[in-house]
Amino acid sequence: MARSCRLSAPRPHNGLVWGVSAGRIRPADIVRPVMAGDPKPPPPGDPGDDPPRSDQGFVAMSYLISGIVVWGFIGWLVDRWLDFGGVATAIGAVIGAAGGVYLIARRLGA
Amino acid sequence: MLGQAIALPQSEFPPGVEDFYLPTVVPWEGTGYWVTKITLLVWVTVAILIIFFLTAYRNPKLVPTKRQWFAESIYGFVRNNIAVDMIGHKGVRFAPYLTTLFCFILLNNLWGIVPGAQISPSSHIAFPAILAVISYVLFIAVGVQKHGIGYFKHAVVPPAPGFILPLLVPIEIFSNFLVRPFSLAVRLFANMFAGHMLLLVFTLGGFAMLNATPLLAPVSLLSWAMTIALTFLEALVIMLQSYVFVVLTASYVQGALADEH
Amino acid sequence: MNLAEVTGSVAAIGYGLAAIGPGIGVGLVFSAYIQSTARQPESSRLTIPYMWIGFAVIEALALLGVAFGFVWMGDL
């Protein structure tokens, strides 16, 4: 295949995907703009560039569970050590939940 | 595969974990677990993906053929609705990886409801675990590439006054570096495992009731009807889980790329 | 005379009861967010932080229920 290696500008429509050797063209440029009205990316720094996030629920749950598990575990270790009979675990879980809520407020509520 | 479908009525009723360890499909291999239906399904998945995307883009046209249109729709969906939406327009460079991940997981999950295959390779923890490890290494590498070694400080120390940091830093470490890969892998695995188990319970339960007494035949029929209904529910779960895996990977990459607060 | 006897951990029943409140609460939080966004879509950026904070506070109660279930596994 005599194919020019000096494809600087993307020339998308002449069989570029032959083999894996066309490394100079980013794979994203190979594909035609999928829809006719493919929007131009906004210039960086545009406030509209900040996309709405659809994963915040996972983040929130992850922080809460992590907080309770980590500090509950630390409290449980203290329980095993000083024999408090579960009180330290409970305090640890409450502290961890508070920490998780604080983190969610900082990361998601800023 | 056909032999299994015929041997199904004799299976033990309460299905268990051992139902996921299928016998080898290579007759000369003895009792090893090396080439099983699971292995074959993964190979078929990889072959389908490679052949489909290579042939779809062998000769791209300005007015796409049906196959090219389909490939472009998948890629465009992942690029626009996941990569760009989650990461911003910098995210286009991750779109190839995300698309591959999406297609691979989707096809692997789909084997769970394809008649004749009826078990998903994702219901073995090994495949989701390796995929999760790849995503884990990817987002850490992206973070280190962007911020240098300060990425770890950036990821672990939240914007908060100093006296409260000892409370928060362990939570951040746990949630960012331990829970993330674990939950990625377990979420996919558990959904596929539970889905397969659900279908097994209703299918084998029908046979078990029929074997117990013929009087229960109507209930067995109901049970099999439930199996078919649950197969459609599984189809939903399959799409949702592959989407969620890719969205969360994109979200972790976005977190690694984010600027300092 | 024993009318009914329960064996095993009663903590599971306790957690079931404890989860009712947070369940209702989380439903209220998201329904309020959806309603306010449907009435005034441009306010979503303003209300989303409060939604997450409210969700976190309420959900923490449910998760604390799990934790306490493990702490006093039926021996109180």
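**Exercise 1.** In this predicted model, determine how many residues the largest nonpolar core has and which of them have the most contacts inside it.

*Solution.* The largest nonpolar core comprises 38 residues. Those with the most contacts inside it are B:Ala83, B:Leu98, B:Val246 and B:Ala250. Next, consider the elements: helix 3 (66-87), helix 4 (95-110), helix 5 (126-147), helix 7 (165-212) and helix 8 (217-257) of chain B each give two or more residues to this core. Helix 4 of chain B gives the most, with nine residues. Finally, take B:Leu98: leaving aside residues up to four places away in sequence, B:Leu98 touches B:Val78, B:Ile82, B:Ala83, B:Val246, B:Thr249 and B:Ala250. A second, separate core has 31 residues, including A:Val69, B:Phe174, C:Ala56 and C:Phe68.

**Exercise 2.** Describe the side of chain A that touches chain C.

*Solution.* Begin with the counts: 18 residues of chain A are in contact with 14 residues of chain C. Helix 2 (56-82) and helix 3 (87-108) of chain A each supply at least two residues of the side of chain A that touches chain C. The largest share, ten residues, comes from helix 3 of chain A. By class, this side of chain A has twelve nonpolar, six polar and no charged residues.

Key: Residues numbered from 1 in each chain as written. Chains lettered and ligands numbered in written order. Predicted model: local features only at pLDDT ≥ 70, side-chain atom pairs only at ≥ 80, totals over all residues. Contact = placed C-beta atoms within 7 Å. Helix = DSSP H or I, 4+ residues; strand = E, 2+ residues; numbered from the N terminus. Nonpolar A, V, L, I, M, F, W, Y, C, P; charged D, E, K, R; others polar. Core = buried A, V, L, I, M, F, W, Y, C linked by C-beta atoms within 7 Å. Buried ≥ 20, exposed ≤ 12 C-beta atoms within 10 Å, placed from the backbone.
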